[in-house]
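Work through the exercises below with the sequence and coordinates open. Each task is followed by its solution.

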Amino acid sequence: MRDEAEPRRIRLERQGPLLVEGPVTVTGDDGVSATSTRFVVAVCTCRRSRTYPWCDTSHRAHTVPPSAIPADAGTAQDPGDAS
């Protein structure tokens, strides 16, 4: 169990969920609350999750890893260039 005297730790993931030390209760803008007793909870920030407010990694299907983008992807080529 987390010591209440310590600040709660929250970790931001680039293009991913908000990781919060649990247990935690999340209240949505509609007033509905969801509780998790896990020691770390992944809270969805993209709203694509089928288990919202909890992350189910749905965001992964909508992002392209940097390694999949060719190095010259941002370089425009003249269609008439025969090089």
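**Exercise 1.** List the residues in contact with Cys44, leaving aside neighbours within four places in sequence.

*Solution.* Contact means heavy atoms within 4.5 Å. With that cut-off, the partners of Cys44 are Ser49, Tyr52, Pro53, Trp54 and Cys55. The model is predicted: local features need pLDDT of at least 70, side-chain atom pairs count only at pLDDT 80 or more, and totals for chains, interfaces and linings use all residues. Residues are numbered from 1 along each chain as its sequence is written, and side-chain values use heavy atoms, without hydrogens and water.

**Exercise 2.** Is Cys44 buried or exposed?

*Solution.* Buried means under 20% relative accessible area, exposed over 50%, and partly exposed in between (1.4 Å probe, protein chains only). Cys44 has a relative accessible area of 8%, so Cys44 is buried.

**Exercise 3.** Place Cys44 in the secondary structure.

*Solution.* Helices (H or I, at least four residues) and strands (E, at least two) are DSSP runs, numbered from the N terminus. The chain has zero helices and five strands. Cys44 lies in the segment after strand 5 (40-43).

**Exercise 4.** Which residues form the largest nonpolar core?

*Solution.* A nonpolar core is a set of buried Ala, Val, Leu, Ile, Met, Phe, Trp, Tyr and Cys residues joined through side-chain atoms within 4.5 Å. The largest one consists of Val20, Val24, Val26, Val41 and Val43. At least two residues of this core come from strand 3 (24-27), and at least two from strand 5. Beyond four places in sequence, Val26 is in contact with residues including Val43, Pro53 and Trp54.
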